[in-house]
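Me: I am new to this structure and would like to learn how to read it. Could you take me through a few features, one at a time?

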Amino acid sequence: MAHEEARHKYKEVVLEIHDRIGVVKLNRPKALNSFGGRMLIDLAAALRELDNHPDTIFTVISGEGRFFSAGADVKATPKSSAAKDASFVDRKISFLETKVVNLEIMRSLIDHHKVLVLALNGPALGGGATWMPGVADLVFAAENAWFESPFSRLGLVPEFGSATTLAHHIGVHRSNQFLMFGKRTTAETMMQHGLVNKLFPSEDFLPRVVRFLEEQLSINDGGSLLEAKRLQNLPLRKDRVLAVFDSLNALSERVAEGLYEKRFQDQSRKMAHQSLSQAYKYIKLDRKGQVFVITLDHGAENKLNLEFCREIIGAFHTIQATLGPDFEGAVITRGNNPKFFCTGVDLDCARENPFMEPDGFFPMLHTILDFPYPTIACITGHTFGGACLFALAHDYRIMNADRGYFSMVPVNLGLHWDGIGALPKAKLLPQVARKLLLEAYRFTGKEALVDGVVDAIAPSTEMDALAEEYANRWKSKAKMNVYGVLRGELVGEPLQKLKMISFVHGQRVSRPIPGVKL
């Protein structure tokens, strides 16, 4: 009797079937979908499952969050276990033993029978920019996506056949320029070079890709598409497999020489710092030692729309990926002017886009509550509506002593969603929560301090210094890697409520969101 294979339990990818389209989403957004943890094992299992699926024609690989993938997880990358005084061969073989999963991923991609579509929802860095694009049948990208290959800067070599596979698509000279010099290249430029087939708007990127493929299946015969793919890839397979072997051999030689390690560490730290200064549309992200400062920068009032919320989520994930576990650190969130901190959710956006709150605002609150480092809200001015919950999600709150009100008015506007009272209930005394939620009381800075809504008040000119003092005082509490877990004991109810009513980029986490009166 044939052994029945147990279904794989996915932890770090999301596998979905949309009729004849299989979708695999890399699901380590807090680590920018870097190749660590169990993600590559889960990806290999998902590719195998879809390869054997009787109905699917397309296999789409995309990412959750702001990045498609940041490539190798520097903090989790296996090092050679050989002793420093081991022979060259011992060091080389020790390193090769850590790359079995990578070889299986490349084999799974090269030998995949379905039409393999790469859907780059955001930036692709290192292996994320080279391994898969070179062997995919089609590459679609969001308009804000970019590619970057830092191998030379890190003292490494192009990995897993990418020198050969990219040259197949964009030519030897362009491939050399991209891989050798590592300059960041936009998706639009890569489309001009021939690596990217089509660009899609960043908003609702993956649903647009799926709809486009559904349209193609309504016009074209699926069996013909699969046969065209087979014939196209048949003469390329040997070159691709050999390229994987050759590049792995070159990489292991480089590692065994031991010349790259210091450069790799130095450049990795420099690149992590540079990633913080990348262009944001609605925020500014700065670093002062182990303290990170997010400045809201969406006009004077900082009204929260979907993209704004996602940028804040992305900033918190970038900070967490930069610090890693067992390190001290803290985050300050501040307004960009002394009149307003934030005036809450943009109700016009919420009316027009049903995913504004479940795919933006609610996950943003959950991200801050679940963050493994101390957080400080520097409430520079007026704070209205959902911005009150935004501020309450932080561990500490410092408010402008001279200007600004702190007020929620859902009771006056007829607004409600399941869990709206969970954060005030967890963070404030019962009579103060009642005052905030049911009476729509306007707290001045002094009143907010007396009632415990904020931890401190300061003149606008002194707020940043006080926030940094709080951050530096408490940043060491994250070193034992239990800060977020312990916070979860205090705010368990709002965490659970927010999870239940959140979507993850259009996909429901648990149950339908209740109706919201706007």
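Reply: Gladly, and let us begin with angles: under 35 degrees counts as roughly parallel, over 145 as roughly antiparallel, 65 to 115 as roughly perpendicular and the rest as oblique. The model is a predicted one, where local features need pLDDT of at least 70 and side-chain atom pairs pLDDT 80 or more, while totals for chains, interfaces and linings use all residues. Residues are numbered from 1 along each chain as its sequence is written, and side-chain values use heavy atoms, with hydrogens and water left out.

Me: How are α5 and α10 oriented to each other?

Reply: Two packed helices are described by the angle between their axes and the distance between the axes. An axis is a line fitted to C-alpha atoms, for helices over the stretch in contact, and angles run from 0 to 180 degrees between N-to-C directions. Helices (H or I, at least four residues) and strands (E, at least two) are DSSP runs, numbered from the N terminus. Here the axes of α5 (residues 162-170) and α10 (residues 237-257) come within 8 Å and cross at roughly 140°. The two helices α5 and α10 are therefore oblique to each other.

Me: Which residues make the contact of α5 and α10?

Reply: Contact means heavy atoms within 4.5 Å. From α5 come Thr-164, Thr-165, His-168 and His-169, and from α10 come Asp-239, Arg-240 and Ala-243. For classes, Ala, Val, Leu, Ile, Met, Phe, Trp, Tyr, Cys and Pro count as nonpolar, Asp, Glu, Lys and Arg as charged, and the others, Gly among them, as polar. This contact of α5 with α10 has 1 nonpolar, 4 polar and 2 charged residues.

Me: What is the order of the strands in the open sheet of 6 strands?

Reply: Two strands pair if DSSP finds at least two bridges between them. The order is β10-β11-β12-β14-β16-β18, and the pairing is mixed. At the edges are β10 (283-288) and β18 (456-458), each of which pairs on one side only. Neighbouring strands of this sheet are turned by 20° against each other on average, direction ignored. Inside the sheet, β12 (residues 330-334) and β14 (residues 375-379) run parallel and are joined by 4 bridges; Ile-332 has Ile-376 in β14 as its bridge partner.

Me: Which helix packs on the sheet?

Reply: Helix α20 (residues 463-474) does, touching β10, β11, β12, β14, β16 and β18. The direction of α20 makes about 170° with that of β16 (396-400).

Me: How many residues lie between β1 and β2 in their hairpin?

Reply: There are 2, and Asp-19 in the turn has a positive phi of about 60°. Strands β1 (residues 13-18) and β2 (residues 21-26) run antiparallel, with 6 bridges joining them.

Me: What is the order of the open sheet of 3 strands?

Reply: The order is β5-β7-β8, with mixed pairing. The edge strands are β5 (124-125) and β8 (185-186), each pairing on one side only. Strand β7 (residues 146-148) runs antiparallel to β8, and 2 bridges join them. Look for Trp-146, which stands opposite Thr-186 in β8.
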